[in-house]
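Open the model in your viewer and keep the selection tool ready. We will go stop by stop.

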Amino acid sequence: MLNHALRRVGTLALAWSWLAMAQPQEDDVIDIGDRKQLFLDGAMIADSHGVSLAMNEPYTHPEPVLTADTPWERQAGATVWAYSSLRKEGDTVRLWYELIRLTEGDEETGPRAAGEFIAYAESEDGIHFTKPDLGLHDFFGTRNNALVIPECRGAAVWVDPNAPPEQRYRTQAKGRENKLIFHHSPDGIHWTETQAIALGDCDTQSIAFWDDLVGRYVLYTRTWVRSSNKAENFRYHRRLESDDLVNWDQETPVIKADDIDLAAYASPSRQPAIDYYGACVFRYPDARGLYLMLPQAFWHWYARPKGHQGPDAMDVRLCASRDGKDFSHIGGRAPFLRLGPAGSWYSRMMWVLPEPIVMGDEMWFYFFGSNADHSGLVDPAAADGPQTGIGRAVLRLDGFASVNAGIEWGEVTTPLMRFTGNALELNIDTSAGGCTYVELLDAAARPIAGCTRADAVPVWGNSVRAPVTWQGTPDLGVLAGQPIRLHFYLRDSRLYAFQFHDTARP
């Protein structure tokens, strides 16, 4: 989808873009300050030629980082499950993970959940987790466990910047009478129920956070369309807003199967061949508003003799939005996180945890995986029966998407922008024979003296912070606050992001 959009920019815009540049309007100038700008949704591309915009998939490590492996978990027959979440606080990665006990089930439906609990683990390296003996709650005959919230389904822990210290940590989960139950905690360990809110269907894991862009709390939660004549039956996700976490309004659908999704397969039942089971949404650090969504695409497109329609499996897509409401698919709807090899512990279901963390020059995405499908039927290629766990996938910092050029030169021009700082750096990966030149243009699309392509020193190599320089090393600080454009000339390069900054920063 983005490649098509970029081609439209590169063909239709060429006819008028240089005339439009000559007399910019104030509203056309984007104030980027010193914030990093990603090439993700085309918002930073005003004109292009000879390039494509591509989604980049993380590398998935084959082994889980957490399973139900302690004596108290094994004794209870517990299994790690999907509705888990994590935060990086200082040098510690804190993980709140869901445990369930499964019934034996039968050959038609497979095992089913018989109880759901939230336990706690932490790690100094994000790979090796310990489960402290907290002694807070009984777990099938023992308090020697890491349980922090008993009987809880769908928790997603977040920090409320407006809350008093004793309520700094919050989470919400589906509870009794289909209500959304909020809990609060001073430390993420000791939790107290806050309130139960009736919002209709709030199935699966709901995501909440304070959104400083709108100055309100926002909630992303799953609901259903169920018609009385059973002609429709599908899941979708909505957004709501609140000032107090009690009264919610501004309900807006944010993702559901659209005509493109529905055209993929003819449904074998009244349920469409795809709907959206979960939707991890988070703000990216961009004051202009960049929301990312990692929804679970749930597929059931062929008939099976027993149980749910096949394959009854889910993987993870990538979507982006500039207002938190209108999301577009990135990467032509290809999976961002793909199911594992046949027989592996994540070969049937993947569920991304809110939200990714930054570790050095990488982004780490944690996910729940299972070799059993939504009906509980285990992958026939699995040698050791049902398996679940929490795994890790790694992506280059800010590497969700990139502008790619081949061996022939390609060009990209940004919209008009104002920046702060006195230097520019790129997140870029060139081949041994590739490079990128950067030219600065004024508001009338004229190259700025000292910062032309002829002056530019080629950027070469693989770095998330490659400095951009010109012969004579001009001080970009004299251009700060003025409307400019960046004009990139790329050969055999992948350009992920750019950022102006002050060289005096630590």
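Select Tyr-302. It is partly exposed, with a relative accessible area of 34%. Partly exposed lies between buried (under 20%) and exposed (over 50%), using a 1.4 Å probe and protein chains only. Tyr-302 lies in strand 19, residues 291–302. Strands are DSSP runs of E, at least two residues, numbered from the N terminus.

A note before moving on: this is a predicted model, where local features need pLDDT of at least 70, side-chain atom pairs count only at pLDDT 80 or more, and totals for chains, interfaces and linings use all residues. Residues are numbered from 1 along each chain as its sequence is written, and side-chain values use heavy atoms, leaving out hydrogens and water.

With Tyr-302 they form a nonpolar surface patch of about 270 Å² accessible area together. The areas come from the Shrake-Rupley method.

Find the open sheet of 4 strands, order 14-15-16-17, with antiparallel pairing. Strands pair if DSSP finds at least two bridges between them. Strand 14 (203–211) and strand 17 (248–255) are the edges. Strand 15 (216–226) and strand 16 (233–242) pair over 10 bridges. Pick Thr-221: its bridge partner in strand 16 is Arg-238.

Last stop: another open, antiparallel sheet, order 10-11-12-13. Strand 10 (158–159) and strand 13 (192–197) each have a single partner strand, so one side of each lacks a neighbour in the sheet. Select Thr-171. It stands opposite His-183 in strand 12.

Definitions and conventions: Patch = residues over 30% accessible without salt bridge, like charges linked within 9 Å, V, L, I, M, F, W, Y side chains within 5 Å. Areas by Shrake-Rupley, 256 points an atom, 1.4 Å probe, with all protein chains shown as cover. Salt bridge = Lys/Arg side-chain N within 4 Å of Asp/Glu carboxyl O.
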